[in-house]
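Please look over the sequence and the structure shown here before reading on. The briefing that comes after them goes through a few topics in turn.

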Amino acid sequence: MSETVAKRTKAVSAMIEATSKGRALMGGTAAMRKAGEAYLPRFDAESEEAYAKKLKRSTLFEAFPRAVEQMTGKVFAQPVEIVDAPDQMNEWAQNIDMQGRDLSTFALEVFRDGFVSGVSYIMVEAPRRDAETTRQQASENGLRPYLVHLQVEEILGWKTALFGNVLALSQLRIMEHLTEQDPADEFSTVEVEQVRVLDRLPDAVQVRLYRKGKKDAWVLVDEYLTEAPEITVIPYYAKRSGFFTGKPPLEGMIDVNISHWQLQSGIRNNSHYSLIPVMLLTGFDDDDLLTQLRCLDARD
């Protein structure tokens, strides 16, 4: 049982905070509206109802998302090619993540994510083998290595050590969000949080799985050894800030895009009110004006 296994380190929390603005922009108008006052402040004298209407009228000019897509498109204008690789590797590359994505698509998504957060991660995973398995059995049952894309938000923390005078991971904690069958309803599913802890031992990597138990404490539900000699999680740096860390390479553009979101919102809403027609009557004294207004009401 543990109360801190799911706690993020300060380094990870800082990366997530730096990434949040870019994530919201990548989500377009809907995500920026959902973020509300985080990126579109409400004036002191502005009512909640007036702010809600202003938010609905605001639209995002997607400068940052377009820049990310354009740069990604230039890099991956041609598909990724594997040179001098075994036929088996070429076959695996057609479904590199065991979810239907080929190597080019997978690499493109990792690259694109890196330009938002500054760093993204690739984990080499393999199905668990509880008994001795032949190559034929492994091939028939799909028991082969595959790649998993990990974003900054899924990393909880890590430890490092020197292995043969090389700095490498000695421990890594990952937050996983699983969808499982609801035991009470065959037609429903439930979302489950699970912490995966990878520990590098002298000759293998140990995997520990934690889930929430009573009183919100994290309980060890499974553990096993893998055949991997090291923790096979590789960072892709778009802008490296340290070991296993990065920061958004287009941070300045992100801030400018958010400023434009705020400016556009103000202009659009001010235009909305300034374009509302207002009746103006001149050339009457107070008594005549009241008479004219009554006549107008009668005609309506």
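The points below are grouped by topic and describe a predicted model. The largest nonpolar core has 21 residues, and a second, separate core has 18 residues.

**Nonpolar cores**

- Within the largest nonpolar core, the residues with the most contacts inside it are Tyr121, Ile155, Trp158, Leu172, Leu198 and Val233.
- At least two residues of this core come from each of helix 1, strand 1 (119-125), strand 3 (155-163), strand 4 (166-181) and strand 6 (205-212).
- If residues up to four places away in sequence are not counted, Trp158 touches Val12, Met15, Leu169, Gln171, Leu172, Phe243, Phe244 and Thr245.
- The second, separate core includes Tyr51, Leu55, Phe64 and Phe111.

**Helix 1 against helix 2**

- Helix 1 (residues 10-26) packs with helix 2 (residues 28-35) at an angle of about 130°, and the axes of the two helices lie 6 Å apart; because of that angle, helix 1 is oblique to helix 2.
- On the helix 1 side the contact is made by Ala24, Leu25 and Met26, which meet Gly28, Ala31 and Met32 in helix 2.
- Sorted by class, this contact between helix 1 and helix 2 has 5 nonpolar residues and 1 polar residue, with no charged residues.

**Helix 6 and the residue after it**

- Helix 6 (residues 103-117) has 15 residues, and from its first C-alpha to its last it reaches 21 Å, which is close to the 21 Å expected at 1.5 Å a residue.
- Several residues of helix 6 are buried, among them Leu103, Phe106, Val110, Phe111 and Asp113.
- Gly118 follows helix 6, and its phi is positive, near 95°.

**Positive phi in residues other than glycine**

- Met98, which is placed in the loop between helix 5 (87-93) and helix 6, has a positive phi near 60° although it is a residue other than glycine. Met98 counts as partly exposed because its relative accessibility is 35%, a value between the cut-offs of 20% for buried and 50% for exposed.
- Asn165, found in the loop between strand 3 and strand 4, is likewise a residue other than glycine with a positive phi, in this case near 70°. The relative accessible area of Asn165 is 69%, so Asn165 is exposed.

**Val256 and Phe64**

- Val256 is found in helix 8 (residues 251-274), and it counts as exposed because its relative accessibility is 58%.
- Although Val256 and Phe64 are 192 residues apart in sequence, they are 9.0 Å apart in space, C-alpha to C-alpha.

Definitions and conventions: Residues numbered from 1 in each chain as written. Predicted model: local features only at pLDDT ≥ 70, side-chain atom pairs only at ≥ 80, totals over all residues. Heavy atoms only, no water. Helix = DSSP H or I, 4+ residues; strand = E, 2+ residues; numbered from the N terminus. Buried < 20%, exposed > 50% of the residue type's maximum accessible area, 1.4 Å probe, protein only. Axes fitted to C-alpha atoms, helices over the stretch in contact; angles between N-to-C directions. Parallel < 35°, antiparallel > 145°, perpendicular 65-115°, else oblique. Contact = heavy atoms within 4.5 Å. Nonpolar A, V, L, I, M, F, W, Y, C, P; charged D, E, K, R; others polar. Expected span 1.5 Å × (residues − 1). Core = buried A, V, L, I, M, F, W, Y, C linked by side-chain atoms within 4.5 Å.
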